Amino acid sequence: MTPQSSFMVVAPVDAKRENELRTLLASMNDAPGRAKPDNALIPFGEFEVLHFARLLIVDDKTLDDIRAHGLARCTYPFYLAFLGDVDGDADDFLRLLATRAGGGLREILSCCDDFSPNDDLVEWMTRHRRRSAADYVNWQGRTVQSVREDAALREALERHGDAHGQELAGLPAQKIHARLRQFVDAERAAGRLTLTPERSTPLGWWIANVLHLIGIPLLLLLFSPLLIIVGLIVLIRLRRLEKTDPEMCFRVDQAHSDALAALEDHDVSNQFSALGAVKPGVVRLWTVTFVLIIIDWAARHLYARGRLARVRTIHFARWVWIDPNKRILFLSNYDGSLESYMDDFINKVGFGLNVVFSNGIGYPRANWLVFDGCKDERKFKEYLRRHQLPTQVWYAAYRGLTAVDLERNGRIRQGIERWSMSEPEARDWVSLL
């Protein structure tokens, strides 16, 4: 298995060059926010291990609301964030990126405060990297290469089925499977289809994953007496705070909403970027820190095969502290419209939304951390839209394919690689086509 990893580079923007940066980023697109795979600055399509990437200017539009409620009196610079999800090691990818797209990267990063022409690109990006507090990968081990090969296989099988439909129609499912397997073998021998075997799982990653799987529960068990006592105190204090938490779920400015809508629904998948400030005090900080540790563990070990709880539409997602202990970025790549995306979460894992986002300033008032909150659908959707950031550049390696498509295509490939099946198994497999 080839594991996936992520990178995120964040740096303050030189205020004098903000307009120049926005112009540069816009030049990378062929539709609002949609990157040309072969754009002159970062030709994303040349990187065969890159699933998704984006560049966005982090400009918090909710600071005035926060200050108006006396909850925060600090100012933040604009940041440029550059992030992606890749097969293999992210450090290796950044080195490859610097080699292949060094000129374009320098042109973009020169708009940041502390970048100079003589800087080593890899060293500079490494210095400005932000590690995720929690990561989610829809299907660990599913590479860009396998996605493309699986899609090509399905298309070839469907074309063959269309051309030989009558011939196959009356056959038992087992014989259909055998015939299609013969067809695929012939296509592979002729070089028209490629089905690359999976690589061995890197030993270092496997060891680290096992240690993470076992280590987090062991630590929780070891410190459970203390955690129970502290948890009860925190929970009681948290409930008192919840009763007076100010809500900031005002109607979204129409211009802001229109600008976001212009970036969405150009394909079956979309991007989502949102920024929120954590409510002041150690209780909220401890709560959100602990919750993100649990989410990261669960996403890594329990939800690694196509589902985040009951939600099947997310390809990749992450939570990142952008200012230590103050603000968090949530970023995801998902299928369908934003409206259906929000409804999916509200209806299927509303408690999960509340556990994380109720620690953010202005969130609809929660009850004992897991109740209420997002159940007020109007308030939640206004809150989320207000905190959403426009993504200036977004690249997706496999347009036109949803996460459900990828899972189905993978099952088709698994079936074609089997020598034989029982009749019920073969019927289920044929139905995928």
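I took two strands as paired if DSSP finds at least two bridges between them, with strands (E, at least two residues) and helices (H or I, at least four) read as DSSP runs numbered from the N terminus. The model is predicted, and I kept local features at pLDDT of at least 70 and side-chain atom pairs at pLDDT 80 or more, while totals for chains, interfaces and linings use all residues. Residues are numbered from 1 along each chain as its sequence is written, and side-chain values use heavy atoms, with hydrogens and water left out.

**Entry: the sheet around β9**

I looked up the partners of β9 and found that strand β7 (residues 269-277) pairs with β9 in the antiparallel sense over nine bridges, with L275 standing opposite L329. Strand β8 (residues 314-323) also runs antiparallel to β9, joined to it by eight bridges, and there R327 is the bridge partner of D323. I then checked the connection between these two strands: β8 and β9 form a hairpin with three residues between them, and N325 in the turn has a positive phi of about 65°.

On the other pairing of β8, I noted four antiparallel bridges to β6, where Y136 stands opposite A317. Put together, four strands form an open antiparallel sheet in the order β6-β8-β9-β7. Because β6 (134-137) and β7 stand at the edges with a single partner strand each, one side of each is left without a neighbour in the sheet. Neighbouring strands here are turned by 15° against each other on average, direction ignored; axes are lines fitted to C-alpha atoms, for helices over the stretch in contact, and angles run from 0 to 180 degrees between N-to-C directions.

**Entry: how β9 is covered**

I counted a residue as buried under 20% relative accessible area, exposed over 50% and partly exposed in between, with a 1.4 Å probe and protein chains only. By that count, nine of the nine residues of β9 (residues 327-335) are buried. In a regular strand the side chains alternate between the two faces of the sheet. Helix α13 (residues 338-357) lies across β7, β8 and β9 and runs at about 145° to β9, contact meaning heavy atoms within 4.5 Å.

**Entry: aromatic pairs**

I took rings of Phe, Tyr and Trp (its six-membered ring) as paired if their centres lie within 6.5 Å, with planes under 30 degrees apart stacked, over 60 edge-to-face and the rest tilted. The structure holds 16 such pairs. One of them, F52 with W394, is stacked at 5.9 Å centre to centre and 15° between the planes. F52 lies in strand β4 (residues 50-58) and W394 in strand β12 (residues 393-396), so the pair ties together parts that are 342 residues apart in sequence. F52 is buried at 2% relative accessible area, and W394 is buried at 1%.

I also looked up F115 and W124, an edge-to-face pair at 5.2 Å centre to centre with 85° between the planes; F115 counts as buried at 10% relative accessibility, and W124 at 0%.
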